[in-house]
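Please look over the sequence and the three-dimensional structure shown below before reading on.

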Amino acid sequence: MTTPAEKTTVIVHPVGAGAPETAAVLTDGPDSRTTSRGEPTFWSQLRASMAMFSNPKSATGLVILGVFILVAVFAPLIAPTDPNAQNLSETLQPPSFQHLLGTTHIGQDVFSQLVYGTRGVLVVGFLATIMATVVAIAVGVTAGYLRGWKSESLSALSNVFLVIPGLPLMIIVASQFQDPPLWIIAAVLGFTGWAWGARVLRAQTMSLRNRDFIQAARANGEPLHRIILVEMLPNLMAIIASSFVGTMTAAVLGLTTLAFIGVIPVSNLNWGTILFWAQQNNAFPDYWWWYVPAGLCIALLGVALSLINFGIDEYVNPRLRSAGERARLMKKKGMNVNAAVTQVRSVPGAASPEEGDGA
């Protein structure tokens with residue numbers, strides 16, 4: 001006879017579009033990962049959703065992104081001077097102990113401008129990405145789950161925004177404001193950057209809506225919002241995270257482009273405005289300390305976001321995930337991953353084939 005504490009519950013977890021369902025056996029009892037009803041706890045679900053960032057590539061990208069976030073948050077403590085303070089007696093000074101990255105044509109400290117510019121880039125990047133991701137989820141998931149003219153209408157809306165040239169539209173909208181605040185710039189970037197994510201989410205949702213667990217929820221009379229929020233979205237988290245990273249990359253590049261060509265007022269300090277002033281005052285190529293650090297920061301942030309995206313792709317794609325795990329295992333054993341022939345690792349104390357034949 002089975003007691004309630006010994007009862008086991010089998011929970012089927014769909015792990016993503018096109019991937020097989022996995023069954024986890026949970027035991028009601030002292031296991032801290034489950035509740036008294038045999039369901040996964042919040043912390044176990046959180047660990048499962050964060051598994052996509054345990055990849056070394058994602059971890060490296062998150063560390064670099066975390067450094068930029070810390071610089072943006074503690075900019076007043078890190079920057080040695082006011083980024084707008086002028087000192088005409090120290091114009092175009094090369095890097096030194098007093099000015100780590102030199103000065104501009106009017107004696108402004110480039111390092112302070114770079115530190116404060118990080119805040120503007122990340123604020124606009126995150127705001128634009130959050131706006132674009134929310135719209136992409138609402139349009140993409142709804143269009144993928146619904147059928148008929150409603151789905152086709154939302155799909156047509158996404159297609160229209162896909163073919164709209166983003167940069168000219170951003171230039172037109174941003175130029176209508178004399179001194180646009182950061183949230184206006186972020187709204188313009190988010191308004192023009194949601195369509196691609198919506199298309200991807202629509203395709204993934206269409207592959208999920210006929211799965212057994214969705215059909216069971218529909219047969220049980222679950223409301224539409226619960227099916228989407230509880231049943232579908234957890235299985236789309238990896239796709240949403242990848243879309244979030246890609247959208248943020250596009251938002252950062254869009255912001256720096258708008259600042260570099262002078263559409264955004266120069267009072268909104270960011271890495272693009274640093275490059276704008278360097279170009280306007282003929283800093284290329286003699287005064288390298290004025291424009292090289294800002295360009296390197298843009299490239300480094302792009303590398304960090306790309307690494308995070310690569311790690312998420314490896315988590316989503318079972319083939320990439322197994323190949324990456326196999327490559328890391330071979331490296332731990334001291335084997336060459338790129339070898340053209342199959343390597344056999346010798347085990348100390350094992351008999352060689354010749355010794356076995358002689359026996």
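The paragraphs that follow treat a helix contact, a cavity, an aromatic pair and a pocket in turn.

This is a predicted model, in which local features need pLDDT of at least 70 and side-chain atom pairs count only at pLDDT 80 or more, while totals for chains, interfaces and linings use all residues. Residues are numbered from 1 along each chain as its sequence is written, and side-chain values use heavy atoms, with hydrogens and water left out.

Two packed helices are described by the angle between their axes and the distance between the axes. The axes of helix 5 (residues 149–163) and helix 8 (residues 195–208) come within 8 Å and cross at roughly 145°. Helices here are DSSP runs (H or I, at least four residues) numbered from the N terminus; axes are lines fitted to C-alpha atoms over the stretch in contact, and angles run from 0 to 180 degrees between N-to-C directions. In this contact (heavy atoms within 4.5 Å), helix 5 contributes residues including Ser-151, Phe-161 and Leu-162, and helix 8 contributes residues including Trp-196 and Arg-199. By class, the contact has 5 nonpolar, 4 polar and 3 charged residues. Ala, Val, Leu, Ile, Met, Phe, Trp, Tyr, Cys and Pro count as nonpolar, Asp, Glu, Lys and Arg as charged, and the others, Gly among them, as polar.

The structure also holds 1 cavity of 30 Å³ or more. On a 1 Å grid over the protein atoms alone, a cavity is a set of points where a 1.4 Å probe fits but cannot get out, whereas a pocket is an open set with protein on both sides within 12 Å along at least five of seven lines; lining residues have an atom within 4 Å of a point. Among the residues lining the largest cavity are Thr-249, Leu-253 and Gly-302. Helix 13 (288–316) and helix 11 (237–260) each supply at least two lining residues, and helix 13 gives the most, with 4.

Helix 11 also takes part in an aromatic pair. Phe-126 and Phe-244 are tilted, at 6.5 Å centre to centre and 40° between the planes; rings of Phe, Tyr and Trp (its six-membered ring) pair if their centres lie within 6.5 Å, and planes under 30 degrees apart count as stacked, over 60 as edge-to-face and the rest as tilted. Because Phe-126 lies in helix 4 (residues 110–145) and Phe-244 in helix 11, the pair ties together parts that are 118 residues apart in sequence.

Finally, 33 residues line the second largest pocket, and those closest to its centre include Trp-196 and Thr-247. Helix 11 provides the largest share of this lining, 9 residues.

Definitions and conventions
Grid points are joined across faces, edges and corners, and a volume is the space filled by probe spheres set on the points.
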